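Please look at the structure first.

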Amino acid sequence: MDQRPHALVTGASSGIGAAIVEQLLRDGWRVTGISRRLATFDHPAFDHLPLDLDDVDSIADALAGFTPTALVHAAGLLKVGALGSLDHDDGAAMWRLHVDVAGRLANALAPRLPNGGRIVFIGSRTASGAAGRGQYAATKAALVALARSWALELAPRSITVNVVAPAATETPMLKDPSRANVTPKLPPIGRFIRPEEVAAAVAFLLSTEAAAITGQQLVICGGSSL
């Protein structure tokens, strides 16, 4: 029987999700990557679960056979828009992927997580507010409320729930042409956040050394919040 800890990671095919998969595989985890597009990692401890998270009603059934040690919800979507020209379908899509999916994943898996299990959501520094990104920021702020609430519920089982919230990160989302009118600000450190830096923070929160950290938002911003 495989004794390695097992993580489910959404958004595994690119960006932060892919970096998290790579980090956890290096750390000796068994990883199931969830994404619509094929995620290929040349590693015997990796499996891919093709799943369209936009089809929220399929999530519980798709996860029925899984009893992981940890859940990492890294799948994300960014649509920008200023007040007065908001696209409500865009807002609903971001809410569905970031918040509704987080709830469905946690609701399905939390009862099966072992004592000492882990849940980490990828949030955003913009959760505190950002011009032109109000709808996106609201969904990421909601993740903090969910994490704090569920951390309280799961603390008796020593299951931690946290949010890792990076500033603008070097991913395909950063270069999305649709955000041309809302360009990301370069952090004071003079560069954007790297996906592997976010992955390292996630890996720490999944570790035994982080057992006393729960209900928190870890902001990785390169000084942008100062």
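## Fold and helix packing

The chain contains five helices and seven strands. Helices (H or I, at least four residues) and strands (E, at least two) are DSSP runs, numbered from the N terminus. The model is predicted: local features need pLDDT of at least 70, side-chain atom pairs count only at pLDDT 80 or more, and totals for chains, interfaces and linings use all residues. Residues are numbered from 1 along each chain as its sequence is written, and side-chain values use heavy atoms, with hydrogens and water left out.

Starting at the N terminus, the order of elements is β-α-β-β-α-β-α-β-α-β-α-β. The C-alpha trace spans about 55 × 40 × 40 Å along its principal axes. The chain has a radius of gyration of 17 Å, which agrees with the value near 17 Å for a compact globule of 226 residues. That radius is taken over C-alpha atoms, and the globule rule is 2.2 Å times the number of residues to the power 0.38.

What is the strand order of the open sheet? The seven strands run 3-2-1-4-5-6-7, with parallel pairing. Two strands pair if DSSP finds at least two bridges between them. Strand 3 (46-50) and strand 7 (217-220) are the edges, each pairing on one side only. From one strand to the next, the twist averages 20°. Strand 6 (residues 160-166) pairs with strand 7 in the parallel sense over four bridges. Val164 has Leu218 of strand 7 as its bridge partner.

Helix 1 (residues 15-26) lies across strands 1 (6-10), 2 (30-35), 3, 4 (70-73), 5 (118-122) and 6. Helix 1 runs at about 165° to strand 1. Axes are lines fitted to C-alpha atoms, for helices over the stretch in contact, and angles run from 0 to 180 degrees between N-to-C directions. Contact means heavy atoms within 4.5 Å.

| Helices | Axes come within | Crossing angle |
|---|---|---|
| Helix 3 (residues 88-109) and helix 4 (residues 134-154) | 9 Å | roughly 15° |
| Helix 1 and helix 5 (residues 195-206) | 8 Å | roughly 55° |

The angle of the second pair makes helix 1 oblique to helix 5. Angles under 35 degrees count as roughly parallel, over 145 as roughly antiparallel, 65 to 115 as roughly perpendicular and the rest as oblique. The crossing of helix 1 and helix 5 is right-handed. A crossing is right-handed if the near helix is turned clockwise from the far one by less than a right angle, and left-handed if anticlockwise. Residues including Ile16 and Ile20 of helix 1 meet residues including Val198 and Leu206 of helix 5.

Helix 3 also passes helix 4 in a right-handed crossing. Among the contact residues are Trp95 of helix 3 and Trp150 of helix 4.
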